[in-house]
Amino acid sequence: MNTDVVEKLERENISLASFSKRIYAYCVDEVLISILFMAIYWDAFNTANTYEQVMTLVSSLIWQLIVLKILYQTFFTWYYGASLGKMAFKIVCIDAQILDKPSFMASLSRAMMRVVGEVCFYLGFAWAFGNEARQTWHDKIARTVVVDVL
């Protein structure tokens, strides 16, 4: 399937996003999500005085952080085809079949699998190094690819 996707992209003169752009976009997204998370729970973090209290607070809020990540990734991928980090680096996530923005369900499954890939020691992301279409686990599940903006 990877070869078919790559051939289809080449026929349409669409180039896959580089690993460096994807990594930088990921970092931007993680910083933005962290800032948003801190803003939402500012009062709780403001009362934590020690490192141990902060770590206990973060541990107690882990599910809220996961939900925030899924909501962020789902909305931006579905509505714009790219998260804010991807927009900053001029890359976009597209459905590998129709070469357009992913559907809501594809965006949701991609966002959920993205979290799974992170939890599994980022193996889901490392998977992109081993295939021609540079698809991560979340790209495989959602049948998407990340490409440069034309």
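This is a predicted model: local features need pLDDT of at least 70, side-chain atom pairs count only at pLDDT 80 or more; totals for chains, interfaces and linings use all residues.
Which residues of H5 are buried?

1. Residues are numbered from 1 along each chain as its sequence is written, and side-chain values use heavy atoms, with hydrogens and water left out.

2. Now to H5. Its buried residues are Leu-65, Ile-66, Leu-68, Lys-69, Ile-70, Tyr-72, Gln-73, Thr-74, Phe-76 and Thr-77. Buried means under 20% relative accessible area, exposed means over 50%, and partly exposed is in between (1.4 Å probe, protein chains only). Helices are DSSP runs of H or I with at least four residues, strands are runs of E with at least two, and both are numbered from the N terminus. The buried residues of H5 pack against H2, H6, S1 and H7.

3. Just after H5, Gly-81 takes a positive phi of about 85°.

4. Have a look at Gln-73 in helix H5. Gln-73 counts as buried because its relative accessibility is 2%. Setting aside residues up to four places away in sequence, Gln-73 touches Asp-29, Ser-83, Ala-111 and Arg-114; contact means heavy atoms within 4.5 Å.

5. Next, the largest nonpolar core: it has twelve residues, including Val-5, Leu-9, Ile-94 and Val-147. A nonpolar core is a set of buried Ala, Val, Leu, Ile, Met, Phe, Trp, Tyr and Cys residues joined through side-chain atoms within 4.5 Å. Two or more residues of this core come from each of helix H1 (2-11), strand S1 (91-95) and strand S2 (144-148), and H1 gives the most, with three residues. Apart from this core lies another, of nine residues, among them Ile-33, Leu-61, Leu-65 and Phe-76.

6. Ala-133 belongs to the largest core. Leaving aside neighbours within four places in sequence, Ala-133 is in contact with Asn-2, Val-5, Val-6, Leu-16 and Val-145.

7. Last, Leu-32, whose place is in helix H2 (residues 19-40). Leu-32 counts as partly exposed because its relative accessibility is 32%.
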